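Student: Could you take one enclosed part of this model and go through it closely, including what surrounds it?

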Amino acid sequence: MRYLTLLLLPFFLFLTACGGGNQQNGQTAETGDAQKQMAQTDDVRTVHIFALNKMKFVVKEAGERIGTGETIDGSDGSSYLLLEDIKVAPGEKLRIKLTTVSKLPANAMSHNWILLALGADAEAFASAAMMARTSGYIPTDLADQIIAHTELAGGGKTVEVTFTVPKKTGQYDYLCSFPAHFMSGMKGKLIVE
């Protein structure tokens, strides 16, 4: 049996080598498909959120289906509008792009955007997150309560997440889980209607 294996090994290597050209064509087709998919994702609704040292989620201007509040000045000299809520349709594709506006070091001031499941306790989640430094302030034992999230972004950095909005209507909490940011008002609602 051992000798049979040794005799068949070169045969299988030969077959694999001969099929290499087809695999390369397959990879080219896959790359083409990936490029088409990327082009299609450009049609995804994008909400560009800015995160300030004042521990607030803000936007540069009011937009359709975006609830805003007071005007807030950023450390960069720009004026922003407080972001209160984002209205979405059930099953809609949504991209959240988050940019941190700060000159502070990342370990002192970073932000993320986390969308919690319907009915999740945002305050309890934020409290648990404060203790989860090694996992980017995302408590791994509460991962089942997260629908989507970005990574942490220090000053001048932009992170994003693209996801499908839940089909169940309701008000879903979103927040920043960096310590004390939720308690300082870095939160809002994703309203599925």
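**The enclosed space and its surroundings**

Tutor: A search of the whole structure finds 1 cavity of 30 Å³ or more, a cavity being a set of points on a 1 Å grid over the protein atoms alone where a 1.4 Å probe fits but cannot get out. This is a predicted model, in which local features need pLDDT of at least 70 and side-chain atom pairs count only at pLDDT 80 or more, while totals for chains, interfaces and linings use all residues. Residues are numbered from 1 along each chain as its sequence is written, and side-chain values use heavy atoms, with hydrogens and water left out.

The largest cavity holds about 50 Å³ of space, as filled by probe spheres set on the points. Its lining (residues with an atom within 4 Å of a point) consists of Ala-126, Ser-127, Met-130, Ser-177, Phe-178, Pro-179, Ala-180, His-181, Phe-182 and Met-183.

Beyond its neighbours within four places in sequence, His-181 is in contact (heavy atoms within 4.5 Å) with Met-55, Met-109, Ser-110, His-111, Cys-176 and Met-186.

Ala-126, another lining residue, is one of the buried residues of helix H3 (residues 122-129), together with Ala-122, Phe-125 and Ala-129. Seen down the axis of H3, these buried residues fall within an arc of 95°, so they line one face of the helix, and what covers them includes strand S6 (114-116), strand S7 (146-149) and strand S9 (170-175).

Terms used:
Buried < 20%, exposed > 50% of the residue type's maximum accessible area, 1.4 Å probe, protein only. Helix = DSSP H or I, 4+ residues; strand = E, 2+ residues; numbered from the N terminus. Arc of directions from axis to C-beta. 1 Å grid on protein atoms, 1.4 Å probe; cavity = no way out; pocket = protein on both sides within 12 Å on 5 of 7 lines; lining within 4 Å.
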